[in-house]
Amino acid sequence: ARAPVVEYFAPELAKAQCDQLSTTGAEELMRTIVSQPDRLGVWGQSLPKLLRGKRRDLDLQGAESSSGMQVQIEIDRLCLVHVMVKALLQLTNKRPLRQR
């Protein structure tokens, strides 16, 4: 049996693990996006559509299921990347990114 303290904090621990996984995934995806600055506009247009599809998946699977948690991690990852891509697009409108 689980200790009462672990049982009490289980939801917070699960959320922290989901946050960590989505942040790590977002970092990996952003490395790919930044390495191909000429495709930044494509990402800017694609991410909202991907997010809509993932949210529909979550509605179908239910947020409490294990597959629903995986979809939520994916949604969080895509949201983080979308915010960063929008910021990069605003910056590149002022000053183009250079390849390293």
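Which residue forms a salt bridge with Glu-74? The partner is Arg-77, and the closest N and O atoms of the pair are 2.4 Å apart. Keep in mind that this is a predicted model.

Glu-74 and Arg-77 both sit in helix 3, 3 residues apart, or about one turn of the helix. Arg-77 has a relative accessible area of 18%, so it counts as buried, given that buried means under 20%. Glu-74 comes out at 22% and is therefore partly exposed.

## Salt bridges in helix 1

The structure holds 3 salt bridges. As a general point, side chains of opposite charge can pair when their charged atoms come close. Helix 1 covers residues 4-35, and Asp-19 and Lys-15 pair up there, being 4 residues apart in that helix, which means a separation of about one helical turn. Their closest N and O atoms are 2.7 Å apart. Asp-19 is partly exposed at 30% relative accessible area, and Lys-15 is partly exposed too, at 45%.

Then there's Arg-31 with Glu-27, where the closest N and O atoms are 2.6 Å apart. These two are again in helix 1, 4 residues apart, about one turn of the helix. Arg-31 counts as exposed with a relative accessible area of 58%, while Glu-27, at 41%, is partly exposed.

## How the helices cross

Helix 2 (residues 40-61) and helix 3 (residues 66-94) have axes that come within 9 Å and cross at roughly 160°. The two are therefore roughly antiparallel, since angles over 145 degrees go into that class. The crossing is left-handed. Gly-41, a helix 2 residue, is partly exposed at 34% relative accessible area.

For helix 1 and helix 3, the axes come within 8 Å and cross at roughly 45°. That makes helix 1 oblique to helix 3, and here the crossing is right-handed.

## A nonpolar patch

Val-5, Tyr-8, Phe-9 and Leu-13 make a nonpolar surface patch of about 450 Å². Val-5 belongs to helix 1 and has 55% relative accessibility, so it counts as exposed.

Notes:
Residues numbered from 1 in each chain as written. Predicted model: local features only at pLDDT ≥ 70, side-chain atom pairs only at ≥ 80, totals over all residues. Heavy atoms only, no water. Patch = residues over 30% accessible without salt bridge, like charges linked within 9 Å, V, L, I, M, F, W, Y side chains within 5 Å. Areas by Shrake-Rupley, 256 points an atom, 1.4 Å probe, with all protein chains shown as cover. Salt bridge = Lys/Arg side-chain N within 4 Å of Asp/Glu carboxyl O. Buried < 20%, exposed > 50% of the residue type's maximum accessible area, 1.4 Å probe, protein only. Axes fitted to C-alpha atoms, helices over the stretch in contact; angles between N-to-C directions. Parallel < 35°, antiparallel > 145°, perpendicular 65-115°, else oblique. Left-handed = near helix turned anticlockwise from the far one by under 90°.
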